[in-house]
Amino acid sequence: MHLYSGPLSLFGRKVEIALREKGVPYTCDMVPFTQTEGYAPKHQAVLAANPKGQVPVLVDGDVTLYDSTVILEYIEDKYPEPRLYPRDASSRALCRLAELEAGEVLLPPVRKLMFRTEPPGPDTARRDAQEREAAAAEPAIIENHRKLDARLQGSDFLLGELSVADIATFLTVLYTVRNGGPGVSHHRNLRRWYETLAARPAFAGIAAEIADADRALSHPVERREF
Ligand SMILES: N[C@@H](CCC(=O)N[C@@H](CS)C(=O)NCC(=O)O)C(=O)O
């Protein structure tokens with residue numbers, strides 16, 4: 001399997017954690033990315049494979065796929081063990097819903113913090129306005145942490161066993177913290193869950209690669225208490 005991803009692509013990293021958890025060998029091209037230009041100019045293979053021009057793209061023989069969710073489901077079908085989706089229909093649907101929520105409910109307020117890894121330009125008024133928007137997004141982030149904490153009461157994983165819901169949600173929390181957002185230390189269950197996942201080799205390896213990519217590519221962001 002060959003993956004086209006980006007060094008700081010949350011959606012690409014989601015696929016990589018799944019591949020590593022399953023022990024599936026893969027090769028990876030990290031497409032060019034800078035904090036000032038983003039993914040421009042886009043990689044030819046990505047443009048050819050994905051009409052949206054986005055990573056991740058997965059090539060497996062004559063199968064070429066894009067969109068992390070589609071890719072995760074393909075990997076699960078091709079390599080069912082160890083499972084990353086629950087077996088029974090209702091838990092499986094809830095797992096898909098939690099993965100969708102990570103990207104479409106938890107992530108949007110976190111996106112308001114992401115400008116912090118870009119080098120500050122001369123327009124300080126713009127940066128100040130971005131900081132105000134980031135501050136305005138914080139209550140939603142903290143409320144999402146509170147809900148996750150309640151959901152994780154008495155449970156090691158979001159759906160009873162490790163699943164793509166944990167992978168997607170873990171990355172959203174990691175991206176919150178690396179962008180200087182609220183930590184999880186006040187949420188006992190969420191913190192325990194995060195630390196348990198962070199200790200797994202697949203998660204630890206990807207978190208270390210993201211930290212390396214930040215050192216190489218990102219404006220340093222002051223982190224808050226974890
Ligand atoms: N829903 C897509 C989102 C992919 C996505 O947003 N990729 C970003 C990098 S994390 C990208 O390629 N952005 C460049 C662009 O949109 O032009 C997925 O799950 O794969």
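This is a predicted model: local features need pLDDT of at least 70, side-chain atom pairs count only at pLDDT 80 or more; totals for chains, interfaces and linings use all residues.
The chain is divided into two domains, with domain 1 covering residues 2–78 and domain 2 covering residues 89–217. Their C-alpha centres are 20 Å apart. At the interface, 16 residues of domain 1 are in contact with 16 residues of domain 2. On the domain 1 side, helix H1 (10–22) and helix H3 (68–78) each contribute at least two residues. The most is given by H1, which supplies eight residues to the side of domain 1 that touches domain 2. By class, this side of domain 1 comprises seven nonpolar, four polar and five charged residues.

H1 and H3 also each supply at least two residues of the shell around the ligand. The ligand is surrounded by Gly 6, Ser 9, Leu 10, Phe 11, Tyr 39, Gly 53, Gln 54, Val 55, Pro 56, Asp 67, Ser 68 and Thr 69. In this shell, five residues are nonpolar, six are polar and one is charged.

Gly 61 lies in the loop that runs between strand S3 (57–60) and strand S4 (63–66). The residue counts as exposed because 7 C-beta neighbours are found inside 10 Å, and the exposed class takes residues with 12 or fewer. Between Gly 61 and His 145, which are 84 residues apart along the chain, the C-alpha separation is 40 Å.

Key. Residues are numbered from 1 along each chain as its sequence is written. Domain bounds come from an automatic or database domain assignment. Two residues are in contact if their C-beta atoms, placed from the backbone, lie within 7 Å. Helices (H or I, at least four residues) and strands (E, at least two) are DSSP runs, numbered from the N terminus. Ala, Val, Leu, Ile, Met, Phe, Trp, Tyr, Cys and Pro count as nonpolar, Asp, Glu, Lys and Arg as charged, and the others, Gly among them, as polar. A residue is near a molecule or strand if its C-beta atom, placed from the backbone, lies within 6 Å of it. A residue is buried if 20 or more other C-beta atoms lie within 10 Å of its own, exposed if 12 or fewer, and partly exposed in between; C-beta atoms are placed from the backbone.
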